[in-house]
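Q: I've got a structure open and I'm new to this. Can you walk me through it?

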Amino acid sequence: MSGTFVGMPAFPVAAKEAVGNPTLRGNLRHATHTIRAKRAKAVEEVSDWAELREAGKRIKDHTLRHLDRYLVQLEESVRAAGGTVHWAADADEANRIVTRLVQETGESEVVKVKSMATQEIGLNEALEAAGIRAYETDLAELIVQLGKDRPSHILVPAIHRNRGEIRDIFRAEMSEWGRPAPDGLTDTPAELAEAARLHLREKFLRAKVGVSGANFMVAETGTLVVVESEGNGRMCLTLPETLISVVGIEKTVPTWRDLEVFLQTLPRSSTAERMNPYTSTWTGTTDGDGPRVFHLVLLDNGRTDTLADEVGRQALRCIRCSACLNVCPVYERAGGHAYGSVYPGPIGAILSPQLRGTGSEIDASLPYASSLCGACYEVCPVAIDIPEVLVHLRERVVQGGPVVREGNRVVLKPAKGHAAERAAMRAAGWAFGRPGALRAGQRVASRSRRWHPRTLPGPGRAWSGTRELPAVPAEPFRDWWQRTQDGKGDAK
């Protein structure tokens with residue numbers, strides 16, 4: 001995976017700074033509360049939501065177990081429909097492929113559909129280095145691009161901006177990218193949307209090359225699917241002469257019928273809609289209808305390494321609905337930039353360290369960017385047990401151990417800064433394996449409770465600095481049980 005956002009510190013440092021920004025916290029609180037309330041109502045309308053959720057999980061798990069077969073079938077189907085398939089092992093290879101394909105058309109600009117995969121690989125920056133300008137056409141992505149900003153949410157990349165800030169960005173920056181903002185532009189949603197529409201329309205009509213991702217790829221037919229709410233995607237997918245789609249290999253589903261499940265769960269979990277206003281599907285090329293040339297770039301970039309992890313692979317079920325972000329108390333307070341990745345929130349905390357590894361300071365800190373409350377698991381439409389994977393990755397950071405990197409099995413060394421934690425866990429393991437020693441330790445702790453400190457010393461200060469140290473009871477449970485049960489109970 002491409003590197004972290006340049007200059008980003010570890011999550012605790014970035015989050016501390018974000019929490020101190022009252023405007024950011026207000027924007028996030030308002031947006032996340034609104035979205036999750038609407039989602040809850042949309043989900044309540046579906047009587048078989050639990051069954052749909054389980055079906056989505058099973059379809060994804062089946063596909064991932066047989067991904068090698070379905071990817072070959074997908075390639076054959078796309079080629080049979082007139083498309084060309086390219087395989088990219090990593091971000092650099094994907095960027096080289098897309099840059100070459102654009103250069104072969106002789107064009108120097110492209111219009112883009114909102115795509116997490118192209119953000120993941122840093123495609124815009126790679127195209128810019130080759131003299132090609134990429135125009136984002138999703139409204140929120142346009143705001144981010146004009147503001148020289150970074151996305152902070154999977155579904156609403158500019159969630160950290162309010163209407164006044166967006167108005168100021170349009171006024172100051174639109175003229176540098178094309179049609180300027182209308183005179184007297186206010187911060188009313190209708191005026192902001194109209195300004196974006198006028199700004200983008202000339203680009204849609206002029207562009208000869210479109211770049212997209214995809215929400216799903218159907219192996220059976222070679223069909224790609226993009227769902228969206230604004231119509232910009234439809235314009236990018238139909239008007240250009242050449243279409244290049246960069247899609248992660250995990251977006252594959254076996255059959256057309258499988259879409260029946262996801263086209264019900266994705267819109268309700270993401271935008272709280274019964275169905276997406278625009279659901280675009282295309283299968284290769286067709287004379288007189290849409291682009292004349294279609295290229296599909298299948299992106300690995302750490303996904304097969306993730307697939308090798310029996311616990312962590314469930315992160316690849318993700319359909320990018322962002323429901324987990326909207327219920328996460330950590331994300332609501334820290335925002336998306338603190339995660340140092342295009343994948344913020346709970347899903348980013350388990351996906352980024354697997355795609356990129358835990359070698360960097362920020363990636364090693366992401367598994368700890370959670371309270372483990374479980375709200376993310378409860379709302380996930382494909383039942384990803386995010387808390388389970390977080391604990392699994394914490395163990396990897398602290399203990400190290402065997403993992404797969406670039407297709408090779410390697411042994412990770414324990415991350416720095418966790419020696420005290422490892423020692424504490426070894427001591428706990430020793431005590432729990434010796435009941436006599438554990439009982440004696442409990443009695444000593446109870447009898448000396450009046451002298452216990454309110455905070456932990458040394459490395460323990462990092463834990464007790466934000467939590468109250470639990471009080472030790474006056475009597476261990478085993479002693480209480482034997483006393484109250486008059487010896488009838490067995491307190492082994």
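Q: Is helix α8 (residues 139-146) enclosed or out in the open?
A: Largely enclosed. This is a predicted model, and in it seven of the eight residues of α8 are buried, so the rest of the structure largely encloses the helix.

Q: Which residues of α8 are buried?
A: Ala-140, Glu-141, Leu-142, Ile-143, Val-144, Gln-145 and Leu-146.

Q: And what covers the buried residues of α8?
A: The cover includes helices α6 (116-121), α7 (123-129), α9 (163-177) and α10 (189-206). Strand β3 (133-136) is also part of it.

Q: What goes on at the start of α8?
A: Look at Asp-138. One of its side-chain oxygens comes to within 3.1 Å of the backbone nitrogen of Ala-140.

Q: What follows α8?
A: Lys-148 does, and its phi is positive, near 50°.

Q: New topic. What is the span of helix α2?
A: Helix α2 covers residues 22-44, which makes 23 residues. From first C-alpha to last it reaches 33 Å. That is close to the 33 Å expected at 1.5 Å a residue.

Q: Which residue caps the N-terminal end of α2?
A: Asn-21. A side-chain oxygen of Asn-21 lies 3.1 Å from the backbone nitrogen of Thr-23.

Q: Which residues of α2 are buried?
A: Leu-24, Asn-27, Leu-28, Ala-31, Thr-32, Ile-35, Arg-39, Ala-42 and Val-43.

Q: Let me pick Val-43. What is its relative accessible area?
A: For Val-43 it is 12%. The cut-off for buried is under 20%, so Val-43 counts as buried.

Q: How far is Val-43 from Val-85?
A: Their C-alpha atoms are separated by 37 Å. Along the chain, the two residues are 42 residues apart.

Q: OK, sheets now. What is the strand order in the open sheet of four strands?
A: The order is β8-β5-β6-β9, and the pairing is mixed.

Q: Which strands stand at the edges?
A: β8 (252-253) and β9 (278-283). Each has a single partner strand, so one side of each has no neighbour in the sheet.

Q: How many bridges join β6 to β9?
A: Six. Strand β6 spans residues 223-228, and it runs antiparallel to β9.

Q: What stands opposite Leu-224?
A: Trp-282, in β9.

Q: Is His-295 buried or exposed?
A: Buried. Its relative accessible area is 12%.

Q: Which side chain makes a polar contact with that of His-295?
A: The side chain of His-86, at 3.0 Å.

Q: What else is His-295 in contact with?
A: Leave aside neighbours within four places in sequence. Then the contacts of His-295 include Thr-84, Leu-101, Thr-242, Leu-243, Ile-244 and Ser-245.

Q: Zooming out, how many helices and strands does the protein chain have?
A: The chain has 23 helices and twelve strands. Its radius of gyration is 26 Å, close to the 23 Å the globule rule gives for 492 residues, so the chain is as compact as a globular protein of that length.

Q: What box do the C-alpha atoms fill?
A: Roughly 90 × 55 × 45 Å, taken along the principal axes.

Q: What share of the residues is buried?
A: Of the 492 residues, 51% count as buried.

Q: And the accessible surface of the chain?
A: It comes to about 23,600 Å². Carbon and sulfur atoms account for 52% of that.

Note on methods. Residues numbered from 1 in each chain as written. Predicted model: local features only at pLDDT ≥ 70, side-chain atom pairs only at ≥ 80, totals over all residues. Heavy atoms only, no water. Helix = DSSP H or I, 4+ residues; strand = E, 2+ residues; numbered from the N terminus. Expected span 1.5 Å × (residues − 1). Buried < 20%, exposed > 50% of the residue type's maximum accessible area, 1.4 Å probe, protein only. Polar contact = N/O pair within 3.5 Å; in protein donor to acceptor, adjacent residues only side chain to side chain. Rg over C-alpha atoms; globule rule 2.2 N^0.38 Å. Areas by Shrake-Rupley, 256 points an atom, 1.4 Å probe, with all protein chains shown as cover. Pairing = 2+ DSSP bridges. Contact = heavy atoms within 4.5 Å.
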